[in-house]
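Reader: Hello! I would enjoy a close look at one part of this structure, with the details tied together.

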Amino acid sequence: MENKIINLGIFGFGVVGQGLYEVLNRTKGINARIKKICIKDPNKSRPIDSSYFTTDKNEILEDPTIDVVVELINDTEAAFEIVSTALRNGKAVVSASKRMIAENLPALYQLQAENKVPFLYEASSCASIPIIRNLEEYYDNDLLNAVEGICNGSTNYILTKIFEENLSFATALQQAQDLGFAETDPTLDIEGYDPKFKIVILLLHAFGTFVKPEEVFNFGIHHLNDFDIQFARQRNCTVKLIAQCRRQNGSVSAYVLPHLIREHNLLYDVYNEYNGILLESAFTDKQFFVGKGAGGTATGSAVLSDISALLYNYRYEYKKIKQNNQPSFTNDVKLKIYLRYKTPDQVDLAEFFNISEKYESSEWRYVVGTINLQKLREAGWLKNKDVNILVLE
Ligand code: HSE
C-alpha cells in the first residue's frame with residue numbers, strides 16, 4: 001500500500017471513533033482519509049458532516065475503493081461479523097474490540113491466513129502502549145517468562161481516586177464513565193472482564209497459546225471495602241487490578257485479580273487511566289511499559305498507528321504459534337492471598353494449603369494464606385459481597 005492514500009471505512013463513532021477522527025485530523029502527512037462511517041442511529045447529533053455517515057454496512061464492506069475497515073463498535077457479535085466479512089472481501093482490518101477479538105482468536109487467525117490480509121488490533125490491549133507489536137517483534141518465546149500489569153484504565157482511575165483522594169467508589173466510577181474510560185456496561189471493567197480479554201490477547205502474542213476467556217479467572221474490585229483499604233494503607237501498600245500471564249514448567253497460567261502493591265513496585269506509580277505492563281524475561285529481568293490505557297485520543301492514536309503500519313504492509317506473523325512449541329494452559333498455580341470475610345460460614349478455609357495470619361474483630365475477619373488458583377476459580381464463596389481477596393506480592 002506504499003505511496004497511496006488509503007480509504008478508510010469506519011464502523012462506530014463513539015469515544016474511540018471520535019478519538020480516531022481527531023487524531024487523524026491533527027496528524028500531518030498521514031496518507032489515509034475517511035471515506036464512510038457506518039453508525040447505528042442516524043438521528044444522533046454528531047460533530048462532523050452528515051455526508052460521512054451511513055447506516056448500511058455494505059456501503060463499506062462492498063465498496064472496492066475502501067482499502068481498510070476500522071471496526072470500533074460495542075456489539076461483539078456484530079463486530080465479528082463485520083471483521084470476518086471484511087477479511088473475506090480482501091480488506092485489511094483494524095479493530096479495537098478486545099472482547100470480540102479475545103473470544104474469536106482462533107477463527108480470526110484462520111481468516112487472516114485464508115484470505116492473506118492483515119488484521120491489526122494494537123488498540124485492543126492497553127490502548128496507547130504498543131505492547132502487541134513489541135511482543136510480536138522483539139520478544140522471543142523462550143526468553144519471555146511473564147506479562148503482568150494494569151490493563152484497565154477505568155479501575156485504575158477508580159483505585160487512584162480512592163487511595164489518593166479518598167473519593168467514594170461510586171463517585172470515582174461516575175467520573176470514569178463521564179470521561180469515556182468505562183465500558184458501556186461498567187461491570188466489565190470493575191469485575192475484571194475487560195482486562196481478562198486483554199490478557200488473553202497478550203498471552204497469545206507472548207507465548208503462542210490460544211486460551212478461551214472463560215478458562216481465565218477474573219475477580220475485580222467490586223467487593224473492595226474500607227476495611228481492605230485500611231489493610232493496604234497500614235502496610236504502605238496500594239491496590240491495583242492486575243492481569244497476569246506467567247510461564248512456568250512448560251505451562252502458562254493467567255488471571256485478573258486485585259493485588260496489594262508495595263511502594264517499590266513500578267506499578268505502584270501508575271495512576272488514573274494509565275496502564276502499565278511489566279515484562280519479565282530470562283536475561284533482562286523486568287522491562288516496564290506505561291501509557292494511557294483508555295480514552296478517545298489515546299485509543300484513537302493506537303488505531304492510527306495500525307493504519308499507518310498497514311501502509312508499510314505490516315502484519316502480525318504469529319511466529320510463536322507457528323513454532324509449535326507453545327506452553328499449555330493451566331490454572332494449577334499457588335497464590336498467596338488476603339481473604340476478608342464477615343462470618344466463618346462464608347468461606348472455606350480448608351481449601352488453603354496453609355494460613356500464616358489470622359484476624360478477627362466483631363465486624364470483619366481475614367486470613368493470609370496460600371491457595372490454588374483453580375480452587376479460587378471454583379469458589380462459590382467469592383460471590384458473597386462480604387468476601388474479598390487481594391493477592392500478596
Ligand atoms: N474500559 C476500558 C478501560 C477502555 O477502562 O481500560 C479501554 O480498553
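At what angle do helix 1 and helix 12 pack, and how many Å apart are their axes?

Author: Happy to! Please keep in mind that this is a predicted model. Two packed helices are described by the angle between their axes and by the distance between those axes. Helix 1, residues 15–26, packs on helix 12, residues 296–311, at about 65 degrees, and the axes are 7 Å apart. The crossing of helix 1 past helix 12 is right-handed.

As for who touches whom, helix 1 brings Val 15, Val 16, Gly 19, Leu 20, Glu 22, Val 23 and Leu 24 to the contact. From helix 12 they meet Gly 296, Thr 297, Thr 299, Gly 300, Ser 301, Val 303, Leu 304 and Ile 307. Sorted by class, this contact holds 8 nonpolar, 6 polar and 1 charged residues.

Now to the ligand. The residues around the ligand include Lys 98, Asn 152, Gly 153, Ser 154, Asp 189, Gly 293 and Ala 294. A polar side-chain atom of Lys 98 sits 2.6 Å from a ligand oxygen, while a polar backbone atom of Gly 153 is 2.7 Å from an oxygen atom of the ligand. On the nitrogen side, an N or O atom in the Asp 189 side chain lies 2.8 Å from a ligand nitrogen. The ligand taken alone exposes 250 Å², and the protein buries 92% of that. Helix 7 (153–165) and helix 10 (193–207) are the elements that each give two or more residues to the shell. By class, the shell has 3 nonpolar, 4 polar and 5 charged residues.

Key:
Residues are numbered from 1 along each chain as its sequence is written. This is a predicted model: local features need pLDDT of at least 70, side-chain atom pairs count only at pLDDT 80 or more; totals for chains, interfaces and linings use all residues. Side-chain values use heavy atoms; hydrogens and water are left out. Axes are lines fitted to C-alpha atoms, for helices over the stretch in contact, and angles run from 0 to 180 degrees between N-to-C directions. Helices (H or I, at least four residues) and strands (E, at least two) are DSSP runs, numbered from the N terminus. A crossing is left-handed if the near helix is turned anticlockwise from the far one by less than a right angle, and right-handed if clockwise. Contact means heavy atoms within 4.5 Å. Ala, Val, Leu, Ile, Met, Phe, Trp, Tyr, Cys and Pro count as nonpolar, Asp, Glu, Lys and Arg as charged, and the others, Gly among them, as polar. A residue is near a molecule or strand if one of its heavy atoms lies within 4 Å of it. A polar contact is a pair of N or O atoms within 3.5 Å; within protein, one must be able to donate a hydrogen and the other to accept it, and residues adjacent in sequence count only if both atoms are side-chain atoms. Accessible areas come from the Shrake-Rupley method with a 1.4 Å probe; for residues, only the protein chains shown count as cover.
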